[in-house]
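Hi there,

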Amino acid sequence: MMSHVTEFDTIAAISTPIGEGAISIVRLSGEQALTLANRVTTGVDLTQVASHTIHYGHVIDPQTKQVLDEVMISVMKAPKTFTREDVVEINTHGGLLATNRVLQVLIGQGARLAEPGEFTKRAFLNGRIDLTQAESVMDLIRAKTDRAMDQALQQLDGSLNHLIQNLRQEILEVLAQVEVNIDYPEYDTEELTTKMLSEKAQQVQQRITQLLKTAQEGQILNQGLKTAIVGKPNVGKSSLLNVLAKQERAIVTDVAGTTRDVIEQFANVNGIPLQLVDTAGIHETDDKVEKIGVDRSRQELQRADLVLLVLDGSRPLDEEDQVLLQKTATQKRIIIINKQDLAQAFKPQDVSANADSVIQISAVAQAGIDQIEQQIQQMFFAGIQRQQDGAVLTNARQVGLLQQAQQSLKDVLTGIKQGMPIDLVQIDMTNCWDQLGEITGESAPDELITQLFSQFCVGK
Ligand SMILES: Nc1nc2c(c(=O)[nH]1)N(C=O)[C@@H](CNc1ccc(C(=O)N[C@@H](CCC(=O)O)C(=O)O)cc1)CN2
Ligand SMILES: Nc1nc2c(ncn2[C@@H]2O[C@H](COP(=O)(O)OP(=O)(O)OP(=O)(O)O)[C@@H](O)[C@H]2O)c(=O)[nH]1
Ligand SMILES: [Mg+2]
């Protein structure tokens, strides 16, 4: 891998948000980073300064000699840098124009505009981080709760990487031993070999099973829980959204059919990120606009990880409530009886035999809200044992590959049971090793790598 480094262009990008700010950073990485920066700056000779030092100077247009900005320049020499290449960071005055000018003269001198995520991609290709750590860099940026942030930091620290590396190492050792036994069948080693293989397969299987248990919680923290608030018109869906989000996001009125479009709002519930979706009241209507809203509500209902079905406790249950109760029966849901501050027209038992899934609240009095929060916590985060080393699966890619690895181990064990020749069993074990390697990126196809980094921010 390291031999590729010299072939890389020197890349440049603005690494801070585009817009007005106090200071912006233009980042350069590659073999030419220092000489390129030297050509467009006055002050010290950057190739001569010590690594990890910062210097005052001006950026000038080499052609017109015009001063473009007054800057601070950080010099970080390979290999102890973010990309493991020479890195120069030019701290400009935060205006969009000043920053763009600096980027433009660097491009003019032969730097190439970095692709999204290309700095991090280089950190990966040059072996500083693995694919799970690269993924966590993006997760860090997007984290919306402290818990999500902590989880990403742990993965950035290599928790998942190390666990997978260990499993791969153990598999590799067994495969090597199998080879030896096949090449030197001095004794009756066949039995010994199968015993060794099956023991290792079972061990790894157990550890993968443990790891897979972290997937639900890990993915919810990472990606948020898509939570649809549904119910017939005027039951208090928008009021509930506002209470959960702790802000007046959706319009609330006593007119049935107030919410017509889908309203999305983030809420932090005990550190669990919820992507709340408030919808138009679902019912039969002839109103053209409302009808579209109701159709959208039905779609959101389908897509939700969690459904909050809201009922109005002050009015008798009707046909529309019953239809929704049935429609959502197979989904993960919490039934919410709202308007407890008014006289009640029915009891929780009338709605569901399972009293646990029914919560009584008053959105206006803000009563019972913590019960909803606790219920969500229980439904999605109960009884999950964190791995000792904090390794957690955080996305569908990781989960999918681990499931494949688990299947390969199953094949190993069935193969042994059915008396399959050792070299065939070996193939299944090797498959498992490869699938684990795809998680960390050691055996990942190029297209996957390209696709993964393309989702990153420019300048990261
Ligand atoms: N100005 C600036 N701030 C930044 C970054 C950056 O690139 N530039 N980072 C970018 O995301 C983050 C910091 N992440 C970094 C991770 C590793 C290394 C690095 O140089 N690692 C080397 C040497 C470590 C050491 O000196 O001990 C290594 O691991 O070999 C640098 C930054 C957040 N803040
Ligand atoms: N008494 C009482 N009124 C409530 C409560 N929650 C909401 N309301 C009232 O019920 C009416 C409808 O509330 P919304 O939150 O707009 O209801 P919705 O379900 O979003 O309605 P649509 O968007 O029309 O489907 C408003 O007048 C609210 O003030 C509650 O807990 N108690
Ligand atoms: Mg509404």
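Below is what I found, starting with some annotated positions and ending with a ligand.

Please keep in mind that this is a predicted model. The UniProt entry, which is unreviewed, lists R27, E89, R128 and K460 under "binding site". I looked at two of these more closely.

E89 sits in strand β6, which covers residues 87-93. Is E89 buried or exposed? E89 counts as buried because it has 20 C-beta neighbours inside 10 Å, and 20 or more is the cut-off for that class. Leaving aside residues up to four places away in sequence, E89 touches I25, R27 and S74.

R128 is found in a loop, between α3 (118-125) and α4 (131-142). With 17 other C-beta atoms within 10 Å, R128 is partly exposed. Its contacts, again not counting residues up to four places away in sequence, are R84 and A123.

Finally, ligand 2 has 24 residues around it, of which G236, S238, S239, T259 and G281 come nearest. Helix α9 (residues 237-245) gives the most to this shell, with three residues. By type, the shell divides into 12 polar, eight nonpolar and four charged residues.

Happy browsing, and do write back with any questions!

Best wishes

Terms used. Residues numbered from 1 in each chain as written. Chains lettered and ligands numbered in written order. Predicted model: local features only at pLDDT ≥ 70, side-chain atom pairs only at ≥ 80, totals over all residues. UniProt positions renumbered as here; feature names shortened; annotations may be inferred. Helix = DSSP H or I, 4+ residues; strand = E, 2+ residues; numbered from the N terminus. Buried ≥ 20, exposed ≤ 12 C-beta atoms within 10 Å, placed from the backbone. Contact = placed C-beta atoms within 7 Å. Near = placed C-beta within 6 Å. Nonpolar A, V, L, I, M, F, W, Y, C, P; charged D, E, K, R; others polar.
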